[in-house]
Amino acid sequence: MRFLLDTHTLLWWVDDDLQLSTQARNLIGDAENDCYVSLVSAWEMAIKCATGKLKLAVSVQRYCQEHLPANDFQLLPIDLGHATLVETLPLHHRDPFDRLLIAQAWQEGLTLVSSDTAFDAYGITRVW
């Protein structure tokens, strides 16, 4: 299966945080599954680091350069289709990062791994 990790899912996986659900941990850890991390997650982490809402031991760039390959995660770029699909999404969720993740999951046919139940209003598949 193909999964798109929400930003908190990535962070909790890397930190081996107990907030990560058992199901999410098993899906991400299954070598048969393909896991993607959106470029929007790097953008979100960079903004949160800049505003002091997130603390990382290294820069976001280095964090991604180290942890994505180490965990066999693929970086999902943002393309014009992803960005413009956001325009057509209903406003169930106003967070711009999450709205782009929703658009990417929908357009790419990816299952979103997230604890955020607000994603469910968009008809995409979410697991936690």
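With which side chain does the side chain of Arg99 make a polar contact? The partner is the side chain of Tyr122, at 3.3 Å; a polar contact here is a pair of N or O atoms within 3.5 Å, where within protein one must be able to donate a hydrogen and the other to accept it, and residues adjacent in sequence count only if both atoms are side-chain atoms.

Before we go on, a word on the model: it is predicted, so local features need pLDDT of at least 70 and side-chain atom pairs count only at pLDDT 80 or more, while totals for chains, interfaces and linings use all residues. Residues are numbered from 1 along each chain as its sequence is written, and side-chain values use heavy atoms, with hydrogens and water left out.

| Buried residue, no salt bridge | Nearest opposite charge | Distance |
|---|---|---|
| Asp98 | Lys48 | 7.4 Å |
| Arg99 | Asp95 | 8.3 Å |

A salt bridge would need a side-chain nitrogen of Lys or Arg within 4 Å of a carboxyl oxygen of Asp or Glu. Leaving aside neighbours within four places in sequence, Asp98 is in contact (heavy atoms within 4.5 Å) with Asp6, His93, Asp116 and Phe119. On the same terms, the contacts of Arg99 include Val86, Leu89, Pro90 and Tyr122.

**Helix H3**

H6 (96-108) is also among the elements that cover the buried residues of H3, as are strand E1 (2-5) and helix H4 (60-70). Those buried residues are Val40, Ser41, Ala42, Glu44 and Met45. At the start of H3, a side-chain oxygen of Ser38 comes within 3.0 Å of the backbone nitrogen of Val40. Just after the helix, Gly52 has a positive phi of about 85°.

**The cores**

Met45 returns in the largest nonpolar core, of 22 residues, as one of those that touch the most other members, along with Leu5, Leu10, Ile28, Phe73 and Val113. Such a core is a set of buried Ala, Val, Leu, Ile, Met, Phe, Trp, Tyr and Cys residues joined through side-chain atoms within 4.5 Å. Apart from it lies another core, of 18 residues, among them Val40, Ile102, Leu112 and Ile124.

Terms used. Buried means under 20% relative accessible area, exposed over 50%, partly exposed in between (1.4 Å probe, protein chains only). Helices (H or I, at least four residues) and strands (E, at least two) are DSSP runs, numbered from the N terminus. Lys and Arg count as positive and Asp and Glu as negative; His and the chain ends are not counted.
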